[in-house]
Amino acid sequence: MKQTIVIPEFLTHVEKTDNKVAPNKFVKINNQTIYNGAITRFTRNTVIGNMHKYIEDAVDKHILRQHLSPVKIKFIIKTVLNHGSISRRNGKINWKKVGKNYVPNWDIENLSSIWIKCINDVLVKKRILVDDNVKFIKKISYEFEEVDDISEREIIVEIQDINE
């Protein structure tokens, strides 16, 4: 039996600070940004912790059974062709539709890999998966599907037992 998790309008940016008084600062969600050494390990912990909280809220909206046997997981990242150009200013996402001849310059693995890691961590924490090591996750795949508007972005996670 395949189980599906849908994360609609997934975050493009996440808080990199945990300020109690001042407004939080944000970082774009991208594996290179988070793991290239430009942010400290303390900031990275805050970023990943905030992503985990966000994902937990999304996962809690689904009724999921625990997978005790090995699984395969498919991640479908639905977003706009120019996702790499999305920015955040004054608390709002900035994005413009692109023309017919637009050529994207961002890599799907830089976006998908950080989401895959964080979603798998949450699935283990929520006991949907026993662990996220190779004994329990035998196959992971990801793909990009273009949507017309930034409001249509979503991440779809399909979990299926290998033996089914």
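Guide: What follows is a short talk about a few terms and the residues they apply to. Keep in mind that this is a predicted model.

Visitor: Which residues is Leu123 in contact with, leaving aside its neighbours within four places in sequence?

Guide: They are Ile5, Ile128, Leu129 and Ile159. Val59 is 64 residues from Leu123 in sequence, and their C-alpha atoms are 8.1 Å apart in space.

Visitor: Now the strands. What makes E4 and E7 a pair?

Guide: Two strands pair if there are at least two bridges between them. E4 and E7 run parallel and are joined by nine bridges, so they meet that requirement. One example is Thr79, whose bridge partner in E7 is Glu146.

Visitor: And in which sense do E4 and E8 pair?

Guide: E4 and E8 are antiparallel, with eight bridges. Among the partners in E8 are Val157 for Phe75 and Asp161 for Val71.

Visitor: What is the order of the strands in the open sheet?

Guide: The order is E1-E8-E4-E7, four strands with mixed pairing. Strand E1 (2-8) and E7 are the edge strands, as each pairs on one side only. On average, neighbouring strands of this sheet are turned by 15° against each other, direction ignored.

Visitor: How do you know that strand E4 is mostly covered?

Guide: Strand E4 (residues 71-79) has nine residues, and seven of them are buried.

Visitor: What makes Glu143 and Lys74 a salt bridge?

Guide: The cut-off is a side-chain nitrogen of Lys or Arg within 4 Å of a carboxyl oxygen of Asp or Glu. For Glu143 and Lys74 the N to O distance is 3.5 Å, so the pair qualifies. Glu143 is in strand E7 and Lys74 in strand E4, 69 residues apart.

Visitor: Why is Lys74 called partly exposed?

Guide: Partly exposed covers what is between buried, under 20%, and exposed, over 50%. Lys74 has 29% relative accessibility, so Lys74 counts as partly exposed. Glu143 is also partly exposed, with a relative accessible area of 29%.

Visitor: How many salt bridges are found in the whole structure?

Guide: There are nine. In one of them, the side chains of Lys78 and Glu154 meet at 3.5 Å, N to O. Lys78 lies in strand E4 and Glu154 in strand E8, so this pair ties together parts that are 76 residues apart in sequence. Both Lys78 and Glu154 are buried. A network of salt bridges links Lys78, Glu145 and Glu154.

Visitor: What separates Asp121 and Lys117 in helix H3?

Guide: About one helical turn, because Asp121 and Lys117 are four residues apart in helix H3. Their side chains form a salt bridge of 3.0 Å, N to O.

Visitor: Last, Arg153. Why is no salt bridge counted for Arg153?

Guide: The nearest side chain of opposite charge, Glu9, is 4.1 Å away. Arg153 is buried, and a polar atom of the side chain of Arg153 lies 2.8 Å from the backbone oxygen of Ile150.

Terms used:
Residues are numbered from 1 along each chain as its sequence is written. This is a predicted model: local features need pLDDT of at least 70, side-chain atom pairs count only at pLDDT 80 or more; totals for chains, interfaces and linings use all residues. Side-chain values use heavy atoms; hydrogens and water are left out. Buried means under 20% relative accessible area, exposed over 50%, partly exposed in between (1.4 Å probe, protein chains only). Lys and Arg count as positive and Asp and Glu as negative; His and the chain ends are not counted. A polar contact is a pair of N or O atoms within 3.5 Å; within protein, one must be able to donate a hydrogen and the other to accept it, and residues adjacent in sequence count only if both atoms are side-chain atoms. Helices (H or I, at least four residues) and strands (E, at least two) are DSSP runs, numbered from the N terminus. Axes are lines fitted to C-alpha atoms, for helices over the stretch in contact, and angles run from 0 to 180 degrees between N-to-C directions. Contact means heavy atoms within 4.5 Å.
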